[in-house]
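Dear colleague,

I am handing over the structure below, and after it I set out what was found there. Please keep it open beside this message as you read.

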Amino acid sequence: ETPAVCFGASEAAGLLRAYAPETWNCVRACSFDGASGGRFGAVPIVPLHDVSAREAFLVGVRPRDQEGVASRLSALGFDRVVTWYDLVDEELES
């Protein structure tokens, strides 16, 4: 299991935490535009500029915004950007 940073710390991230607990257990922190600290549940919120481009980014935003956020994170140089559709499907099948 690769540690990941979740982009987002609101409703969609909360749904991931609740309905995809195996995936959420890989999340070491959350980040988003303008993040400057605090916590989302048990994980810290870190500024986007503190996330290494080598880390996996789990896109934890509303379904309609996932593709755009994933594209933007990739354009910023993050190599491993993961949307959650497939992850949730995998957990529901197990």
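This is a predicted model: local features need pLDDT of at least 70, side-chain atom pairs count only at pLDDT 80 or more; totals for chains, interfaces and linings use all residues.

R28 forms a salt bridge with E55, and the closest N and O atoms of the two are 2.7 Å apart. This pair links distant parts of the chain, since R28 lies in strand β2 and E55 in the loop between β4 (43-44) and β5, 27 residues apart. E55, for its part, is buried, because its relative accessible area is 15%.

The count of salt bridges comes to 3. Another of them joins R72 to D33, with the closest N and O atoms 2.8 Å apart; here too distant parts of the chain are linked, R72 being in helix α3 and D33 in the loop between β2 and β3 (39-40), 39 residues apart. R72 is partly exposed at 34% relative accessibility, and D33 is partly exposed as well, with a relative accessible area of 45%. There is also a salt bridge in which the side chains of R62 and D65 meet, at 2.8 Å from N to O; R62 is partly exposed at 45%, as is D65 at 27%. Side chains of opposite charge can pair when their charged atoms come close.

Turning to the strands, β1 (residues 4-7) runs parallel to β5 (residues 56-59), and 4 bridges join the two. Within this pairing, A4 has A56 as its bridge partner, while F7 stands opposite V59. β1 also pairs in the parallel sense with β2 (residues 27-31), over 4 bridges, and there the partner of V5 is A29. β5 is in turn joined to β6 (residues 80-82) by 3 bridges, again in parallel, with F57 opposite V81. Together, β5, helix α3 (residues 63-75) and β6 make a right-handed β-α-β unit.

In a regular strand the side chains alternate between the two faces of the sheet. In β1, A4 and C6 point one way and V5 and F7 the other, and all are buried; in β5, A56 and L58 point one way and F57 and V59 the other, and these too are all buried.

Where does S31 lie, and is S31 buried or exposed? S31 belongs to strand β2 and is buried, because its relative accessible area is 0%. Leaving aside residues up to four places away in sequence, S31 touches V5, C6, F7, G8, V46, P47, L48, V51 and F57.

Terms used. Residues are numbered from 1 along each chain as its sequence is written. Side-chain values use heavy atoms; hydrogens and water are left out. Buried means under 20% relative accessible area, exposed over 50%, partly exposed in between (1.4 Å probe, protein chains only). Two strands pair if DSSP finds at least two bridges between them. A crossover is right-handed if, with the strands pointing away from the viewer, the path from the first strand over the helix to the second runs clockwise. Contact means heavy atoms within 4.5 Å. A salt bridge is a side-chain nitrogen of Lys or Arg within 4 Å of a carboxyl oxygen of Asp or Glu.
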